[in-house]
Amino acid sequence: MKIDAHQHFWKYDPENYAWIDSSMSKIQKDFLPADLKPILDNNQIDGCVLVQVNQTEDETIFFNSLAEQNDFIKGVVGWTDLFSKKLQSNLEAYSKYPKIKGFRHIVQGEPVGFIQNPDFISGVQELAKHDFTYDILIYPTQLKDAKHLIKQCPDNKFIIDHLAKPYIKEKKISQWGNYMQKLGEMPNVYCKISGMITEADWKNWKKEDFYIYLDVALNSFGIDRLVYGSDWPVCLVAAEYEEQLEIVKSYFEKLSLTEQDKIFGENAVRFYGL
């Protein structure tokens, strides 16, 4: 089974999606299952993982309803308040929905040090008790914080979204790469090969620009802990679906078909329990 392990839906409005500014006008509209299904079909991808956008419980419930109505949505990564006094009961409630697989917080929008907060760490630890995964969405400046979080949570299953957003446009690699190697040494951490295209120069990129970053990811996490995701529709500001997919396909074509199958599906199925 081939899986796109990172995509989004939304009913666009300027207030709740203020981060989609004028430079991203191409995605200032609705994106829903009927828009994605033919794209996945055209690219021989069997299913996807729907990932949170806004930090509301309502969105998590809405995404779960989309997953229940559309078989190709194999799993949902939602949002829940990890600081809430009701976290345990909330997670018990979410456990009743088989397609809700894990949770995420927009840590990239928080100050450095945010995820070292003991209350946040406690909330993440609670996820493991209910067999929920946690997606780590950060910038490279927060990699040190991520390492601290992961060390405190040996029972959790973590996946780093978008390779922790390396500075591809500026061609920076060394400090980011050193931290990725350290995180890769922790066996409960996976990494998503996703979201690279929007970290490059949107108007002026070539697929070879990404290979050195993929080298780091492959050397750090190995074949068994890398997971493909498109970051559709956000990727559309810099590339069509087929273009971002071709970057990853062209890089990994040096691997055996068995190894490619892991990155393009099997690892996602195992990590999220799809």
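Is Met186 buried or exposed? I looked this up first, in a predicted model where local features need pLDDT of at least 70 and side-chain atom pairs count only at pLDDT 80 or more, while totals for chains, interfaces and linings use all residues. Residues are numbered from 1 along each chain as its sequence is written, and side-chain values use heavy atoms, with hydrogens and water left out.

**Met186.** I found Met186 buried, with a relative accessible area of 12% (buried is under 20%, exposed over 50%, partly exposed in between, with a 1.4 Å probe and protein chains only). Met186 sits in the loop between helix H6 (174–184) and strand S7 (189–193) (helices are DSSP runs of H or I with at least four residues, strands runs of E with at least two, numbered from the N terminus). Leaving aside residues up to four places away in sequence, I noted that Met186 touches Lys147, Ile150, Lys151 and Arg225 (contact means heavy atoms within 4.5 Å).

**Helix H2.** I then listed the buried residues of H2 (residues 57–69), which are Glu59, Thr60, Phe63, Asn64, Leu66 and Ala67. They lie on the same side of H2 because they cover an arc of only 160° around the axis, taken from the directions from the helix axis to the C-beta atoms. The face turned away from that buried side carries the exposed Asp58, Glu68 and Gln69.

**H3 and H4.** Finally I checked which residues meet here: Leu87, Gln88 and Leu91 in H3 meet Gly123, Glu126 and Leu127 in H4.
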